Amino acid sequence: KMVDPTLAEMGKNLNEAMKMLEDNQRKVEEENEKKYARKDIPGPLQGSGQDMVSILQLVQNLMHGEEEEETSQSYRLQNVGEQGHMALLGHSLAAYISVLDRERLRKLTTRILSDTTLWLCRLFRYENGSAYYHEDDREGLLKICRLVIHTRYEDYTLEGFNVLYTKQPVIYISSAARTGLGQALCNQLGLPLSCMCRVPCNTMFGSQHQMDVALLDRLIKDDVECGKLPLLLVANAGTPGAGHTDKLGRLKELCEQYKMWLHVEGVNLATLALGYVSSSVLAATKCDSMTLTLGSWLGLPAVPAVTLYRHEDPSLSLAAGLTSSQPVEKLRALPLWLSLQYLGHDGIVERIKHASQLSQRLLENLKNLDFIKTSVEDELSSPVVVFKFFQEYSNRDQTSHAAQASTIQHPILSNERHIYDTFNQWLGEQLAQLVPASGVDVVELEDEGTCVRFSPLMTSAVLGTEIQDIDQLVDCLKMKIPVLTSTLQLREEFEQEVRRTVGLLYIEDLGWPGLGVVRYNYHSDEKNDDKQEKELEKINTELLKKLNELESDLTFSLGPEFGGQKNCVYIGMVTEDLDVSELVETIAATGREIEENSRLLENMTEVVRKGIQEAQLQLQKANEERLLEEGLLRQIPVVGSVLNWFSPFQASPKGRTFNLTAGRARGT
């Protein structure tokens, strides 16, 4: 059939029109997709990906930061060491091994886990033990608590927490334990805080950082009489603060008497690997479980902590999460498996022995220093050394010191302890800054207050601490002691001199490590408090600036960034050759000079203001007189111009001078 040409043309045009519309619609959809991609996909993920070099460069920048100096970068990296590289290699190998076929993976992980567990049990004298490897060093104790709950409550698997309601479990923790440990356990186990019992330390006999065994016995008896179930005791072989070891032998006997589980943790457990071990620490080998933190002891980065335990029922260990049927979980031990083989027995013992020698070297040097008080458990071998600056006041009545042990402490003694805490905080920060390789830090102890702690088992392997670092630390300490003693002796004299000096106000700030705090007391008749406060701030700020311009070794500042007094001058540490009366007089004289200049400027400003007002009045009066002389007609625009043209007015101009000193405007 023949097709009408007109219809054929119309059909062709229609097809082209539809194609154009569809193309436009497709372009709009593509543009929308592009807009969506640009808007919602994060920048690093856009496109076809980035090359390895760019990603590693980004990681390096995030690790070190762009503003950090090159020296500190190289210092941190050089202490990883080859044994650290083995540990890091273990993480990469674990990821690679995890893709093996299931049977080969099972055999390999079983071998790695059994080898590592056997080695650790032999190294740390813990026979017939099992091991649980975990990232968080508290997780091992948490799983042990679950194991003990499953063991002591037979129906726990079926009835859950209902069985705990009838007989509430109790976990005993020393008051010297890590902060927040008890609360963390209760939160993770779903137990109320009443299930946690804090056992005080000795107050009369023995170390004040050891658990009071007699008091613990009474607490357990009271709980049993109340129908509670004593479950577990957490003891320390090296308390987190002072590094003291509980009486583990007596605690083990007590736990056996009440069928309790004994768990031990602490830095002193590292010494179990040495040839000679003190009897107090050796008793830890008889405990039911212990947690080892090998990463810090041996300088191994990113290796797991290990909890060694003894238990006969594998099903309960599996229920508590101490063992796993997943082969990948067993690969946690791989970094340790590699690192222990690389170090060998001699390398492991050498690192722990080196840390013990460092602490012994420091302790021997501290004994010969005046005004340094040490707190160590064993004078012959103590892995942790705690010391503080302390100086008796010679002019103080010795009988007042008896009040220190009383319930209501004498206010003078309380202030004295606060000052010593402040000075020791400053000392610890200075030593850590001057000798960073030493790893010293500041610790707060309940009885001793603020102290400086040296715990090489936790820091030396990572920081690479050597004997010369300890000698440098002692040299720095010798330089700081005279400064501390001088400042402490001159503080009282400085306070008295300031209180006697007119215009100065002494500000008591026990938290300031220095000579003291002073404020220039600006007196003004101004009733506006805000204006007076601003003037006070202005004068003391200028006073601080002037004092810092003096040629002296003293440091003047605005004080700490947080918690300091406003509008004050803080004076730092001083030496014995300081003339306190001369310093106070200099501060007072400088303050008076600034105040006089301020008053002079204020008076001059007021005089100028009044003079300007008077000059304005005179000018206004002169204008009025000129109007009277010229007449009213001359002020009318058109008429005045004509009148001035016919009859010009001759006026003599009057000049004015303004005297700044007199504040008056006068005619010339």
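I started with Lys373, which lies over the face of Phe390, 5.3 Å from the ring centre. I counted a charge as over a ring if NZ of Lys or CZ of Arg is within 6 Å of the ring centre and within 35 degrees of the ring normal. Phe390 also belongs to an aromatic cluster with Phe389 and Tyr420.

I worked on a predicted model, where local features need pLDDT of at least 70, side-chain atom pairs count only at pLDDT 80 or more, and totals for chains, interfaces and linings use all residues. Residues are numbered from 1 along each chain as its sequence is written, and side-chain values use heavy atoms, leaving out hydrogens and water.

I looked up Arg310 next. Its charged end sits over the ring of Tyr126, 3.8 Å from the centre.

Then I searched the whole structure for aromatic pairs and found 7. Rings of Phe, Tyr and Trp (its six-membered ring) pair if their centres lie within 6.5 Å; planes under 30 degrees apart are stacked, over 60 edge-to-face, the rest tilted.

Trp119 and Trp337 are stacked, because their centres are 6.5 Å apart and their planes at 10 degrees. Trp119 is in helix H5 (residues 102-123) and Trp337 in helix H16 (residues 334-366), so the pair ties together parts 218 residues apart in sequence. Helices here are DSSP runs of H or I, at least four residues, numbered from the N terminus. I checked cover too: Trp337 is buried at 18% relative accessible area, while Trp119 is partly exposed at 28%. Buried means under 20%, exposed over 50%, partly exposed in between (1.4 Å probe, protein chains only).

Key
Helix = DSSP H or I, 4+ residues; strand = E, 2+ residues; numbered from the N terminus.
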